[in-house]
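Good morning, and thank you for coming.

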Amino acid sequence: MAALSACGGGGDAGSSGPPPPPPPPPGPPPQIRSFATGLQQPWGLAFLPDGSALVTEKPGRLRRVSPQGELSAPLLGVPSVYYGAGTQGGLLDVVIDPNFSSNRRIYLSYAEPDQGGAVTGIGTAVARAVLSEDHTQLSLVAVIYRQTPRFNGDGHFGSRLAFRADGTLFVTLGDRQVQTDAPQRTDNHLGKVVRIDTNGGNPGNNFSGLTWSLGHRNPQGAAVHPGTGELWISEHGPLGGDEINRVVQGGNYGWPLVSYGCDYDQTPDPSCRIGGGTHAPSFVEPVHYWVPISCAPSGMCFYTGDRFPEWRGNLFVGTMADQRSLRRLTLSGNTVTAEEQLFRSLDVRVRDIKQGPDGWLYMLEETNGRILRIER
């Protein structure tokens, strides 16, 4: 694996495949404009068939954004969330059902407060609900998944959602900052990606129970590859060592035994990489990673539209820490061949990035509570 510089580098998680065809000539330079404002700590973005979008706010609000960028009042019926100043918890991701046009179902991930009884402690949860025709409220709200075990800590909830082509749902789950070997064991859902059906049950063909993969730290981005159907995730390392991973069934991604990052009390250097850094052969190597310090990668998407033909097939990843920007990763098969920082001068925390139904890219930035549209 090649040597890496600050917030750059890569690795190979599989066959690189044939070289890609040369990209089409670029059109006018991409520009960015404010599309919607007035959000507080936006986290997740999902487009509806009519061109509007749902956006979550960490304090516990869900809003609709019209195709013209108008922000609705908070929707009614959103489940209560665990949220407080400085916590990583709150209302997190949102996705719509593959059959939304007929069932109007959406899914929310969030940090669920202590429910008492058998559901004690704070934990990542997924709820299913039905969105009203007038987009003002949720009904038939049901918790379909709860991470186990639950703790009273306020970090590493993970919480990205992504539908697989077969209609099953991936849920990324952080390790909840429990410094044990829990992410390496299958008797819990700490540091895992789970795969569930839309009732929260086991759809079969997982690695172990609901577990699809293990050995994760805090995956906060997820996207399904449009060509292969595989799940790709972005994952926070410790001090450095943030990763992009191609998540395969039964894959073990090494945490907390190995990382290209270092412990927080150390000076970043190859000599302090946890477990020596290199994952293979015992664990799955990341497709891409960042050293010596963390970029805090977040939401991500593969671009498949026509507005930017020169970007088709590229992977876009938001970052929230060092040199905050939107990252464009050029791929050849499963290999990252180049990385470009876009709109670095904005210096904002990019929480999510989605391709809209109009083919433009929509960037959710939490620094100023806006949705930005990338167009030309």
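Let me begin with a definition: two strands pair if DSSP finds at least two bridges between them. Strands themselves are DSSP runs (E, at least two residues), and helices likewise (H or I, at least four), numbered from the N terminus. What you see is a predicted model, in which local features need pLDDT of at least 70 and side-chain atom pairs count only at pLDDT 80 or more, while totals for chains, interfaces and linings use all residues. Residues are numbered from 1 along each chain as its sequence is written, and side-chain values use heavy atoms, with hydrogens and water left out.

Strand 18 pairs with strand 19 (residues 326-332) in the antiparallel sense, over four bridges. These two strands form a hairpin with six residues between them, and in the turn Q323 has a positive phi of about 55 degrees. Within this pairing, F316 stands opposite R328 of strand 19. Strand 17 (residues 297-302) also pairs with strand 18 in the antiparallel sense, again over four bridges. There, P297 stands opposite T319.

Why is strand 18 described as largely enclosed by the rest of the structure? Five of the five residues of strand 18 (residues 315-319) are buried, so the strand is largely enclosed. Buried here means under 20% relative accessible area, exposed means over 50%, and partly exposed lies in between (1.4 Å probe, protein chains only). In a regular strand the side chains alternate between the two faces of the sheet. In strand 18, L315, V317 and T319 are buried on one side, and F316 and G318 are buried on the other.

F316 leads us to the core. A nonpolar core is a set of buried Ala, Val, Leu, Ile, Met, Phe, Trp, Tyr and Cys residues joined through side-chain atoms within 4.5 Å. The largest such core has 27 residues, of which F316 and I371 touch the most other members. Among the elements that give two or more residues to this core are strand 1 (31-36), strand 21 (350-355) and strand 23 (370-375). Strand 22 gives the most, with four residues. A second, separate core of 19 residues includes L62, V78, V81 and F100. Taking contact as heavy atoms within 4.5 Å, F316 is in contact with residues including W311, L326, I353 and L361.

Next, two charged residues. Lys and Arg count as positive and Asp and Glu as negative, with His and the chain ends not counted. A salt bridge is a side-chain nitrogen of Lys or Arg within 4 Å of a carboxyl oxygen of Asp or Glu. D242, in strand 15 (residues 242-247), is buried without a salt bridge; R217, the nearest side chain of opposite charge, is 6.0 Å away. The side chain of D242 does reach the backbone nitrogen of C295, at 2.8 Å.

R176 sits in the loop between strand 10 (169-173) and strand 11 (192-196). R176 is also buried with no salt bridge, and D154, its nearest side chain of opposite charge, is 6.7 Å away. What lies 2.7 Å from a polar atom of the side chain of R176? It is the backbone oxygen of I122. The backbone oxygen of G155 lies 3.0 Å from a polar atom of that side chain.

Finally, V143 in strand 8 (residues 138-146) counts as partly exposed, at 34% relative accessibility. Among the contacts of V143 are Y110 and E112.

Terms used: A polar contact is a pair of N or O atoms within 3.5 Å; within protein, one must be able to donate a hydrogen and the other to accept it, and residues adjacent in sequence count only if both atoms are side-chain atoms. Lists of a residue's contacts leave out its neighbours within four places in sequence.
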